[in-house]
Amino acid sequence: MTPVELVGNALCLDFANTVNSRPVARRDWMATPEEATTWAEAAGRPIEDPRGLAAALPAARELREAVFRVFEALAHEDGPPRQDLDAIAVLYAEGVARSHLEAHGAGYRLAWEAPRTAEILLWEVAASAVELLTHGQLERLGACPSCCWLFLDTSKNGRRRWCSMASCGSRDKARRYYATRSTP
């Protein structure tokens, strides 16, 4: 099985990246309950109660696309679509209404009663998106020019260009190198 790549540096961005390329995806981690479970585990958000997971996948894909459209627009310094911001806000409000605060490190975080469900995962994604929108460094958002994955640039100089140097970055550099060498 293909390993899950988490390069977004924020849960909501990694969730938006659950398809491997746009506009035509070759891999979709929200296509089946098994793949969604694998992705959630890799993201550190395991789904403990899979009942209802299959029914939640259409909502997960809708949230993924809303998050993608919002942060892709911001990465390109455009205004995000209002309906997508509203969709995230509605899900966030639903999650907050069903949550409680629990101690976490030196502060607190939203938490939900066990067992962890797909619904809780979606609330966490919405909470991550709202946190990034309200307190994040939006000027550090990026979109990979090769695969369109989103990321929060946490590099020291703020000049990250690709989703990861290991995949898209090395392919792009190799392509440019061979393009300069193949001309007679």
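## Before the helices

Asn9 sits in the segment before helix H1 (11–16); helices (H or I, at least four residues) and strands (E, at least two) are DSSP runs, numbered from the N terminus. Phi of Asn9 is near 65 degrees, a positive value in a residue other than glycine. With a relative accessible area of 42%, Asn9 is partly exposed; buried means under 20% relative accessible area, exposed over 50%, and partly exposed in between (1.4 Å probe, protein chains only).

A word on the source: this is a predicted model, in which local features need pLDDT of at least 70 and side-chain atom pairs count only at pLDDT 80 or more, while totals for chains, interfaces and linings use all residues. Residues are numbered from 1 along each chain as its sequence is written, and side-chain values use heavy atoms, with hydrogens and water left out.

## The chain as a whole

What does the secondary structure of the chain come to? There are 6 helices and 4 strands, and from the N terminus on the elements run α-α-α-α-β-β-α-β-β-α. The chain has 184 residues, and buried residues make up 43% of them. Among contacts between residues at least 6 apart in sequence, 55% join residues at least 24 apart; contact means heavy atoms within 4.5 Å.

At 52% relative accessibility, Glu41 counts as exposed.

H2 packs with helix H3 (residues 53–75) at an angle of about 75 degrees, and their axes are 9 Å apart. Axes are lines fitted to C-alpha atoms, for helices over the stretch in contact, and angles run from 0 to 180 degrees between N-to-C directions. That makes H2 roughly perpendicular to H3, since angles under 35 degrees count as roughly parallel, over 145 as roughly antiparallel, 65 to 115 as roughly perpendicular and the rest as oblique. Pro33, Ala36 and Thr37 of H2 meet Leu53, Ala54 and Leu57 of H3 in this contact. The residues of the contact of H2 with H3 divide into 5 nonpolar, 1 polar and no charged; here Ala, Val, Leu, Ile, Met, Phe, Trp, Tyr, Cys and Pro count as nonpolar, Asp, Glu, Lys and Arg as charged, and the others, Gly among them, as polar.

Now for another pair. The axes of helix H4 (residues 82–97) and helix H5 (residues 118–135) come within 8 Å and cross at roughly 120 degrees, which means that H4 is oblique to H5. On the H4 side, the contact includes Leu85, Ile88, Leu91 and Tyr92, and on the H5 side the residues include Leu122, Trp123, Ala126 and Val130. By class, the contact of H4 with H5 has 11 nonpolar, 1 polar and 2 charged residues.

Strand E1 (residues 100–104) and strand E2 pair in the antiparallel sense over 5 bridges; two strands pair if DSSP finds at least two bridges between them. Their hairpin has 2 residues between the strands, and Gly105 takes a positive phi near 60 degrees there. Which residue of E2 is the bridge partner of Ala103? The partner is Tyr108. Leaving aside neighbours within four places in sequence, Tyr108 is in contact with Glu102 and Ala103.

The loop between strand E2 (107–111) and H5 holds Thr117, and Pro115 lies in the loop between E2 and H5 as well. The peptide bond from Ala114 to Pro115 is cis, with omega near 0 degrees. Thr117 touches Ile47 and Asp49, not counting residues up to four places away in sequence.

Phi of Cys148 is near 75 degrees, a positive value in a residue other than glycine.

Is Thr117 buried or exposed? The table answers this, along with two other residues.

| Residue | Relative accessible area | Class |
|---|---|---|
| Thr117 | 18% | buried |
| Cys148 | 23% | partly exposed |
| Tyr108 | 63% | exposed |
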